[in-house]
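Please read the explanation below with the sequence and the model side by side.

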Amino acid sequence: MDVFMEYFWAFVIGGAICAVGQVLIDLTKLTPARILVSFVVAGTILGALGWYQPIIDFAGAGATVPLTGFGSLLAKGMREAIDKDGLLGIFTGGFTACSAGVTAAMIFGLIVALIFKRTDRTRQE
Amino acid sequence: MDISKKEYEQTAKKHAGSSKMYITVPKAFLIGGLICCIGEGLLNMYQYFGIEFDEASAYTSITLVFLSALLTGLGLYERIAKHGGAGTLVPITGFANAVVSPALEFKTEGYVLGTGAKMFIIAGPVIVYGITAAFIYGIIYYIYGLCA
């Protein structure tokens, strides 16, 4: 039952964060780029205030998979870098925290661009 | 009915908007929630292998980015995104799609200024403002640390 609840809350909280994004798209006509920027910045602020960690403890991947989790990771990485390296940490913390996700997207993006051709299946139908 | 063209457009737009939201928001909730559940599954799998939460979480992100890149290459992510809306945009898979999709699309403009430059067309601003927000927090945190 515990395992079920874990997935249930990951689904509900993750779904709810996405639903907020959809409401913003429908009501404000924000472009996808602006939505992504807003969510990362919002996550960073929530992470900085220490309000995001309780959501992660509660919902697990439901909180870490949406881009607000990416933002909270930036805040956490910044905190850890400053604790470790002091002033220099202000300049290294952000990129260190997001390096795994960004590198993965970059490398896999490049590999996909090398291997695949734009299929345009959606337009054919 | 005697209504002007402008009134008609406003009414039509209002109704189109509202009836659309009944569909788009639950769809975003459902698909976004499912992606997070896949993430939860991966997170559990990595933790089962004895990896700590933070590291397991990073591996989960990398795996989701990989899956999203693959689906984008196959042209399948866009199909899901047609239904998912923000449900496919807000999770990290959406960030990966925003990198991979232009990387593939602008291949025709070359690997340097096409793929290399255009892959950051959406990810670039995300990184710029994310890092800036973290930087500002860093300054506050550092000064607070000096005072305390």
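What follows is a walk through a predicted model.

Of the 148 residues in chain B, 45% are buried. Taking the contacts in chain B between residues at least 6 apart in sequence, 59% join residues that are at least 24 apart.

Next comes the contact between the chains. In this contact, 65 residues of chain A meet 65 residues of chain B. On the chain A side, the elements that contribute two or more residues are α1 (2-28), α2 (32-49), α4 (61-64), α5, α6 (87-115) and α7 (121-124) of chain A. The element that gives the most is α6(A), with 19 residues. By residue type, the side of chain A that touches chain B divides into 44 nonpolar, 16 polar and five charged residues.

One of those elements, α5 of chain A, can be followed in more detail. This helix covers residues 67-85, 19 residues in total, and spans 27 Å from its first C-alpha to its last, close to the 27 Å expected at 1.5 Å a residue. A residue counts as buried if 20 or more other C-beta atoms lie within 10 Å of its own. Because 15 of its 19 residues are buried, α5(A) is largely enclosed by the rest of the structure. After α5(A) comes A:Gly86, which has a positive phi, near 65°.

The next helix in chain A is a packing partner of this one. Two packed helices are described by the angle between their axes and the distance between the axes. For α5(A) and α6(A) the angle is about 135° and the axes are 7 Å apart. Angles over 145 degrees would count as roughly antiparallel and 65 to 115 as roughly perpendicular, and the two helices are therefore oblique to each other. The crossing of α5(A) past α6(A) is right-handed. Residues of α5(A) in this contact include A:Phe70, A:Leu73, A:Leu74, A:Met78 and A:Ile82, and those of α6(A) include A:Leu88, A:Ile90, A:Gly93, A:Gly94 and A:Ala97. The residues of the contact divide into ten nonpolar, seven polar and four charged.

The axes of α5(B) and α7(B), the latter covering residues 120-147, come within 7 Å and cross at roughly 140°. That angle makes α5(B) oblique to α7(B). In this pair, B:Phe95, B:Ala98, B:Val99 and B:Pro102 of α5(B) meet B:Ile121, B:Ile122, B:Ala123 and B:Val126 of α7(B). What kinds of residue make up the contact of α5(B) with α7(B)? The residues divide into eight nonpolar, no polar and no charged.

Leaving aside residues up to four places away in sequence, B:Lys107 touches A:Ala113, B:Gly114 and B:Thr115. The C-alpha atom of B:Lys107 is separated by 9.1 Å from that of B:Lys118, eleven residues apart along the chain.

Key:
Residues numbered from 1 in each chain as written. Chains lettered and ligands numbered in written order. Predicted model: local features only at pLDDT ≥ 70, side-chain atom pairs only at ≥ 80, totals over all residues. Contact = placed C-beta atoms within 7 Å. Helix = DSSP H or I, 4+ residues; strand = E, 2+ residues; numbered from the N terminus. Expected span 1.5 Å × (residues − 1). Buried ≥ 20, exposed ≤ 12 C-beta atoms within 10 Å, placed from the backbone. Nonpolar A, V, L, I, M, F, W, Y, C, P; charged D, E, K, R; others polar. Axes fitted to C-alpha atoms, helices over the stretch in contact; angles between N-to-C directions. Parallel < 35°, antiparallel > 145°, perpendicular 65-115°, else oblique. Left-handed = near helix turned anticlockwise from the far one by under 90°.
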